[in-house]
Amino acid sequence: MTSTPARSDQRPSERTVRIVFGLLAAYHLALGLLMVFAPKVFFDQIGPFGVRNDHYIRDVATFYLAFGVGLAVAVRRPSWRVPVVGVVALQYVFHVVNHVVDISEADPGWLGPADAISLALGAALLIWVWRAEERR
């Protein structure tokens with residue numbers, strides 16, 4: 001009697017990878033669109049640091065929109081996955097550092113640490129996805 005050997009690697013299926021990249025793309029596109037079309041809502045609810053400047057909020061939106069498009073392309077183009085998620089992860093790491101530096105500048109004050117933590121969790125997720133894709 002022959003048995004099928006247990007799968008030695010625990011790599012996610014292509015379907016799972018596509019879903020993860022699709023969700024990451026949707027999140028970044030939604031955030032970018034919020035920043036473009038409702039900069040006041042973004043500032044008031046998510047990023048209340050310093051004085052509101054709609055132009056700069058829309059400038060930052062361009063990065064999130066580009067990330068979203070890149071991640072969306074990576075859903076169907078596996079060769080895009082490692083470089084795109086790597087760049088997005090790197091941006092998140094830089095973003096975390098910026099939030100830690102300005103952690104006391106948010107109003108209300110609790111939002112500074114909350115933003116830094118949520119961005120750090122996002123960075124950790126992106127780094128995990130990046131490393132997993134490098135191993136695929």
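In which helix is the place of His28?

View 1. The place of His28 is in helix α1, where helices (H or I, at least four residues) and strands (E, at least two) are DSSP runs numbered from the N terminus. This is a predicted model, in which local features need pLDDT of at least 70 and side-chain atom pairs count only at pLDDT 80 or more, while totals for chains, interfaces and linings use all residues. Residues are numbered from 1 along each chain as its sequence is written, and side-chain values use heavy atoms, with hydrogens and water left out. His28 counts as buried at 1% relative accessibility; buried means under 20% relative accessible area, exposed over 50%, and partly exposed in between, for a 1.4 Å probe and protein chains only. Not counting residues up to four places away in sequence, His28 touches Tyr64, Leu65, Phe67, Gly68, Leu71, Val88 and Tyr92, a contact being heavy atoms within 4.5 Å.

**View 2. Arg81 in helix α4.** Arg81 is found in helix α4 and is buried, with a relative accessible area of 1%. The side chain of Arg81 reaches the backbone oxygen of Ala74 at 2.8 Å, and a polar atom of that side chain also lies 2.8 Å from the backbone oxygen of Val75. Both are polar contacts, that is, pairs of N or O atoms within 3.5 Å, where within protein one atom must be able to donate a hydrogen and the other to accept it, and where residues adjacent in sequence count only if both atoms are side-chain atoms. Leaving out residues up to four places away in sequence, the residues that Arg81 touches include Glu14, Val17, Arg18 and Phe21, as well as Glu133 and Arg136.

View 3. At the start of α3, a side-chain oxygen of Asn53 reaches to within 3.0 Å of the backbone nitrogen of His55. The 23 residues of α3 should span 33 Å at 1.5 Å a residue, and its end C-alpha atoms are 34 Å apart, which agrees; the expected span of a helix is 1.5 Å times one less than its number of residues. Among the buried residues of α3 are Ile57, Ala61, Tyr64, Phe67 and Gly68, and the buried residues of this helix pack against α1, α2 and α4. Ala61, found in helix α3, is buried with a relative accessible area of 0%. Apart from its neighbours within four places in sequence, Ala61 is in contact with Gly32, Met35 and Val36.

**View 4. Helices α4 and α5.** With 24 residues, α4 reaches 36 Å from its first C-alpha to its last, close to the 34 Å expected at 1.5 Å a residue. The buried residues of α4, including Val84, Val88, Tyr92, His95 and His99, pack against α1, α3 and α5. For the 25 residues of α5, the span should be 36 Å at 1.5 Å a residue, and the end C-alpha atoms are 36 Å apart, which agrees. Leu111, Asp115, Leu119, Leu126 and Glu133 are among the buried residues of α5, and what covers the buried residues of this helix includes α1, α2 and α4.

**View 5. The cis peptide bond at Pro108.** A cis peptide bond, with omega about 15°, joins Asp107 and Pro108. Pro108 has its place in the loop between α4 and α5 and is partly exposed, with a relative accessible area of 34%. Although Pro108 and Asp44 are 64 residues apart along the chain, their C-alpha atoms are separated by 9.8 Å.

**View 6. The largest pocket.** Rolling a probe the size of a water molecule over the atoms shows where empty space is left. On a 1 Å grid over the protein atoms alone, a cavity is a set of points where a 1.4 Å probe fits but cannot get out, whereas a pocket is an open set with protein on both sides within 12 Å along at least five of seven lines, and lining residues have an atom within 4 Å of a point. About 790 Å³ of space lies in the largest pocket, where grid points are joined across faces, edges and corners and a volume is the space filled by probe spheres set on the points. The largest pocket is lined by 31 residues, of which Met35, Phe42, Val60, His95 and His99 lie nearest its centre. The elements that give two or more residues to this lining are α1 (14–37), α2 (39–45), α3 (54–76), α4 (78–101) and α5 (111–135). By class, the lining has 18 nonpolar, 9 polar and 4 charged residues, with Ala, Val, Leu, Ile, Met, Phe, Trp, Tyr, Cys and Pro counted as nonpolar, Asp, Glu, Lys and Arg as charged, and the others, Gly among them, as polar.
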